[in-house]
Amino acid sequence: MAAEVSFGVASPDGPRTVTISYERAGAGEPLLLLHGIGHHRQAWDPVIEILAAEHDVIAADLPGFGTSPALPDGLAYDLATVVPVLGAFCEALGIERPHVAGNSLGGLLALELGREKLVRSVTALSPGGFWSPAERRYAFTTLIAMRRGARLLPLPAIERLSGSAAGRTALTSTIYARPWRRSPGAVVAETLALRDASGFDATLAAGRDVVVRDDVPGLPVTVAWGTRDRLLLPRQGIRAKHAIPGARLVRLPGCGHVPMHDDPALVSRVILDTCR
């Protein structure tokens, strides 16, 4: 069920009110789901029903993405700000130390939530931050091009392209291994989410200097990478394992950067195994 919650957070200029949209389903230990940059909470739709059989699942639109408003003036889109915002979001929902699973930007945030001991387990799917300088430039250039393309296309053109397998592949092949399987409506919605994301530019700018080198001790951590990830290359998973030696590193055969759509059953099993 879709909802939103508003809560106060501190800023250098005094308290600010943040609003986050989310969807909640199931019962059990809480499980927070975080999407990637330019995406929205619907990225998790293929796995929510499976996860909700065992967990109280909360899929959130990050601030400035999906239907969540931009962060108020005085709040940055960096890790030092967004991680406490997510902690305050959980507190506003009455959730104490949920499990967390995140994809891409969401995976980076999930790992940072783990370092801050705000969660009880972490599953990071193709998380950001384990890139070389060249790999980061490639990923960011690709994301900027995707965003520019989405903003240049009028809605009728997006709808027309999404109506064919070839068009869906053209729009989403960077993040999915099997883009033709996506429904036309889903591709339209996520293209508009990328086009309209008010937090995109500031989030990308905040990520330019992010390189993850710190461990996440004392928690179950799984890092999973699609073998056909074209945005954050699978070899970055080896760097993640070196940085977080206690983590379980899992290959997701045949999956792209957003693996929940390419193999929902496998991704659900990886998340549930970590939570257990």
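**Helix α4 and its contact with α7**

Met146, Arg147, Ala150 and Arg151 of α4 are in contact with Thr191, Leu194, Arg195 and Asp196 of α7 (contact: heavy atoms within 4.5 Å; helices: DSSP runs of H or I, at least four residues, numbered from the N terminus). The model is predicted, with local features requiring pLDDT of at least 70 and side-chain atom pairs counted only at pLDDT 80 or more, while totals for chains, interfaces and linings use all residues. Residues are numbered from 1 along each chain as its sequence is written, and side-chain values use heavy atoms, with hydrogens and water left out.

The axes of α4 (residues 133-152) and α7 (residues 184-196) come within 8 Å and cross at roughly 105°; axes are lines fitted to C-alpha atoms, for helices over the stretch in contact, and angles run from 0 to 180 degrees between N-to-C directions. The two helices are therefore roughly perpendicular (65 to 115 degrees).

The buried residues of α4 are Glu135, Arg136, Ala139, Phe140, Thr142, Leu143, Arg147 and Ala150 (buried: under 20% relative accessible area; exposed: over 50%; partly exposed: in between; 1.4 Å probe, protein chains only). They cover an arc of only 155° around the axis, which puts them on the same side of α4; the arc is that of the directions from the helix axis to the C-beta atoms. Pro133, Thr141 and Leu152 are exposed on the other side of α4. The buried residues of α4 pack against α5 (155-162), α7, α8 (200-206) and α9 (236-243).

How values were computed:
Parallel < 35°, antiparallel > 145°, perpendicular 65-115°, else oblique.
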